[in-house]
Amino acid sequence: MAYPLRHQDLQVVEAVSAQAAAVSIAVSMPEGWQVERLSPGLGAVIHGVDLSTPLADASLTALRQLLLKHEVLFFRRQTMSPQQHRALGAAFGTLHIHPVFPSVPAIPEVMVLDTQQQDLKDNALWHTDVTFSETPPLGAILAARHVPPCGGDTLWASGVAAYEALSPSMKVHLEGLTALHDFTRSFPLARYGKTSEAVARWKAARDKHPPVEHPVIRVHPESGRRAIFVNEGFTTEICGLEGDESAALLGYLFRHVTKPEFQIRWSWQEGDVAFWDNRTTQHYAVDDYRPHRRIMHRVTIVGDRPFGPGGRSA
């Protein structure tokens, strides 16, 4: 049975349609580049790009435009060194140094994810990187250094596509809410405090990153698109709600944003590189390849303080 939309719902639909038209993103493609779109929601493979060489300003601009349009970009058969990896990330902004994970020797901006050296269970859940920071990352560039013979895929989900699929009334309800993001949710002392040195490092990271409040619906600072900005990895509660109300609403949003309709799944080959917009996406590293080894390098680009539809940060 179909129900008629109320007048205020029609106004919201019209406003969202106008917004969608306003954020259409044009891309000026460099010669030789080709784009292979992976799904209606997000994701594209970019062919004809060598990330090991410094990119011209026009190429960097094209990558920014493609990132805004597709949210996750993939590049096959790359041969970047850690130094080149760092230089590529630095071309898009200041690089973040993770408070917990190790890095390449003498290159602290290049984080190492190695299953023979670390327990990476905190990556095997849906999360947006470092939202426990007041200024979560703009994006991250992940390079596959060693992959298992099968398995070890990574999934991404679009917070933009998930937001756009909400009912008009739910959008209105969520756009005035904020949520708390907590470092300790994915980095508990029980797992990251095995030695006295590790305990000291964990406590320093926790003290530097107390729980922080962000809007539940984030407005992208470049495209203007709106996205669901809560994640299972770090979001602990919706501010101003009773505990059971918060848990119910977060549970719904965690399930909604990770529906298959809003996802892509990438099967890694050595040399693959992924570049994702951390402002609008979540990802999940599938932990199905033990006892085989998986080594990834990541650089993370510092972002800005999230703001909601009202134009204010939390």
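Me: Before that, what kind of model is it, and how are residues numbered?

Reply: This is a predicted model, in which local features need pLDDT of at least 70, side-chain atom pairs count only at pLDDT 80 or more, and totals for chains, interfaces and linings use all residues. Residues are numbered from 1 along each chain as its sequence is written, and side-chain values use heavy atoms, with hydrogens and water left out.

Me: How many residues does the largest nonpolar core have?

Reply: The largest nonpolar core has 28 residues, and those with the most contacts inside it are I46, L51, L63, L73, F75 and F275. A nonpolar core here is a set of buried Ala, Val, Leu, Ile, Met, Phe, Trp, Tyr and Cys residues joined through side-chain atoms within 4.5 Å. Buried means under 20% relative accessible area, exposed over 50%, and partly exposed in between, with a 1.4 Å probe and protein chains only.

Me: Which elements each supply at least two residues of this core?

Reply: They are β2 (44-47), α2 (57-70), β3 (72-75), β6 (107-114), β7 (139-146), β15 (273-277) and β17 (295-301). The largest share, 5 residues, comes from α2. Helices (H or I, at least four residues) and strands (E, at least two) are DSSP runs, numbered from the N terminus.

Me: And what is F275 in contact with, leaving aside its neighbours within four places in sequence?

Reply: F275 is in contact with L67, E71, V72, L73, F75, F92, A140, I141 and I301 when those neighbours are left aside; contact means heavy atoms within 4.5 Å.

Me: What span should α2 have, and what happens just after it?

Reply: With 14 residues at 1.5 Å a residue, α2 should span 20 Å, and its end C-alpha atoms are 20 Å apart, which agrees. The expected span is 1.5 Å times one less than the number of residues in the helix. Just after α2, E71 takes a positive phi of about 75 degrees.

Me: Changing topic: where is R279, and is it buried or exposed?

Reply: R279 sits in the loop between β15 and β16 (281-285). R279 is buried, at a relative accessible area of 4%.

Me: Which side chains make polar contacts with R279?

Reply: The R279 side chain makes a polar contact with that of H220 at 3.3 Å, and one of 2.8 Å joins it to the side chain of E222. A polar contact is a pair of N or O atoms within 3.5 Å; within protein, one must be able to donate a hydrogen and the other to accept it, and residues adjacent in sequence count only if both atoms are side-chain atoms.

Me: How many salt bridges are there, and which network includes E222 and R279?

Reply: A search of the whole structure finds 13 salt bridges, each being a side-chain nitrogen of Lys or Arg within 4 Å of a carboxyl oxygen of Asp or Glu. R64, E222, D277 and R279 are linked in a network of them. E222 and R279 form a salt bridge with their closest N and O atoms 2.8 Å apart.

Me: What about D153 and R265?

Reply: D153 forms a salt bridge with R265, with the closest N and O atoms 2.9 Å apart. D153 is in the loop between β7 and β8 (154-158) and R265 in strand β14 (residues 263-266), so the pair ties together parts that are 112 residues apart in sequence. D153 is buried at 10% relative accessibility, whereas R265 is partly exposed at 49%.

Me: Last topic: how many aromatic pairs, and what is the geometry of W156 and W276?

Reply: The whole structure has 8 aromatic pairs. W156 and W276 form a tilted one, 5.5 Å centre to centre with 55 degrees between the planes. Rings of Phe, Tyr and Trp (its six-membered ring) pair if their centres lie within 6.5 Å; planes under 30 degrees apart count as stacked, over 60 as edge-to-face and the rest as tilted. W156 in strand β8 and W276 in strand β15 are 120 residues apart. W156 is buried at 0% relative accessible area, and W276 is buried at 1%. Ring pairs link F74, W156, W266, W268 and W276 into a cluster.
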